[in-house]
Amino acid sequence: MRTNLLALPLPALTEWFAARGDKAFRARQVFAWIHQRGVDDFDAMTDLAKSLRDRLKDEAEVRAPAILSEHRSADGTVKWLFDVGVGNGVETVFIPEDDRGTLCVSSQVGCALDCGFCSTGRQGFNRDLGVAEIVGQLWVANRRLEAMAREGLAYRLEAASVGATPKPVTNVVMMGMGEPLNNFDNVVDAMAVMLDDNAYGLSRRRVTLSTSGVAPLIRKLGDRLPVALALSLHAPDDALRSELMPINRTYPIAEVLAACRDYLAVAPRDFITIEYVLLAGVNDSPAQARALAELLKALPSKVNLIPFNPFPDSGFAKPSVASVAAFRDVLVKAGFVTTVRKTRGDDIDAACGQLAGQVVNRMKPRVVRIGASA
Ligand code: SAH
Ligand code: SF4
């Protein structure tokens, strides 16, 4: 079987070359061809000797997941569905803004954590994505966006040029399908490629990992590869949070916030982003906003409010514009930098929490609670 070079961070690629008697700088050259120039054809790597190219063709490949569909939203957002085998698909979303292009990347096929307000969680879990499947989302997105730019369809590629070679994607958020920390090694390897100056050269501030709060793995991430961190909190107390997010029964709020506080010592930013999905009548009252402010007093943080994005049979409702404003005002008065996330790409179901892809659920069927309120 050929080795998929998209799965290898530079140190592993260097080892792979060394095992074949090839020099480290060759690995660096190939790495740059793949990630900076988006090349998958070894014959196009013109500064390599023909004999090396021939060997690479025999032993290696550059294989990203295939695109099953591509949708462009009226607001410029692009969503891809990628084929990850045997009936499974994962989604990736590109969100263009004036000064950046953000790619929302998936880490798992579905998610096992079963948050009731999340359409990925509702679908259950199939498997972790491999490194090539995670990096491949970025690799394909840059290639497609560059192709769209050539066709005159793109949105401001010149935006914020970062990295050695300017690319459409300037920021990555691990906020697609899945809980990234539960696919720890593959996500860390994939992010290492994103950060590598010989590849995409994104700084640690431009790569954000969003987690539902797997406390010990937040600490482990701090040891291994501290990127910008976002915590999905969604409730100011354990009773409500456990109802909305079953993971809270394992790692309650105090434990998660302590892990976040410790993470700040190594984080590339001096705050943690707190994500808070506003669910009408569930967690969006002014009293809950005050409780949230109290809870976050001791953690340098910025709050990102996300009005719930509906999906069929969710059982939850969008909050009113007035209640979002009132909730934000409480936090602002308490001294928190608070933003309300704009909904992007909702005409193509690309908004937060709407990513569904195609998941062949391998978990037990969900226990449906008859008469459950939410
Ligand atoms: N599993 C990780 C990352 C993926 S979810 C996490 O939970 O943090 C990315 C963000 O979208 C999370 O903050 C999640 O709570 C939020 N989200 C999930 N469903 C949503 C919905 N229906 N509307 C708005 N945001 C949602
Ligand atoms: Fe999983 Fe995050 Fe969705 Fe919860 S919100 S089910 S952790 S993807």
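In which hand does helix 1 pass helix 2? The crossing is right-handed. The views below come from a predicted model.

**View 1. Helix 1 packs against helix 2.** Helix 1 covers residues 10–18. Helix 2 covers residues 24–35. Their axes lie 8 Å apart. The angle between the two helices is about 125 degrees. Helix 1 makes a right-handed crossing with helix 2.

**View 2. Residues form a shell around ligand 1.** The shell holds 20 residues. The closest are F117, S210, S232, H234 and N309. By type, nine residues of the shell are nonpolar, nine are polar and two are charged. Strand 10 (207–211) supplies at least two residues of this shell. Strand 12 (272–278) also supplies at least two.

**View 3. Polar atoms of the protein meet ligand 1.** F117 uses its backbone: an N or O atom there lies 2.8 Å from a nitrogen atom of ligand 1. H234 uses its side chain, where an N or O atom is 2.6 Å from an oxygen atom of ligand 1. E275 places a polar side-chain atom 3.2 Å from an oxygen atom of ligand 1. Taken alone, ligand 1 exposes 530 Å². The protein buries 95% of that area.

**View 4. Ligand 2 has its own shell of residues.** Around ligand 2 stand C111, L113, D114, C115, C118, G121, G178 and S212. Four residues of this shell are nonpolar. Three are polar, and one is charged.

Notes:
Residues are numbered from 1 along each chain as its sequence is written. Chains are lettered from A and ligands numbered from 1 in the order in which they are written. This is a predicted model: local features need pLDDT of at least 70, side-chain atom pairs count only at pLDDT 80 or more; totals for chains, interfaces and linings use all residues. Side-chain values use heavy atoms; hydrogens and water are left out. A residue is near a molecule or strand if one of its heavy atoms lies within 4 Å of it. A polar contact is a pair of N or O atoms within 3.5 Å; within protein, one must be able to donate a hydrogen and the other to accept it, and residues adjacent in sequence count only if both atoms are side-chain atoms. Accessible areas come from the Shrake-Rupley method with a 1.4 Å probe; for residues, only the protein chains shown count as cover. Helices (H or I, at least four residues) and strands (E, at least two) are DSSP runs, numbered from the N terminus. Ala, Val, Leu, Ile, Met, Phe, Trp, Tyr, Cys and Pro count as nonpolar, Asp, Glu, Lys and Arg as charged, and the others, Gly among them, as polar. Axes are lines fitted to C-alpha atoms, for helices over the stretch in contact, and angles run from 0 to 180 degrees between N-to-C directions. A crossing is left-handed if the near helix is turned anticlockwise from the far one by less than a right angle, and right-handed if clockwise.
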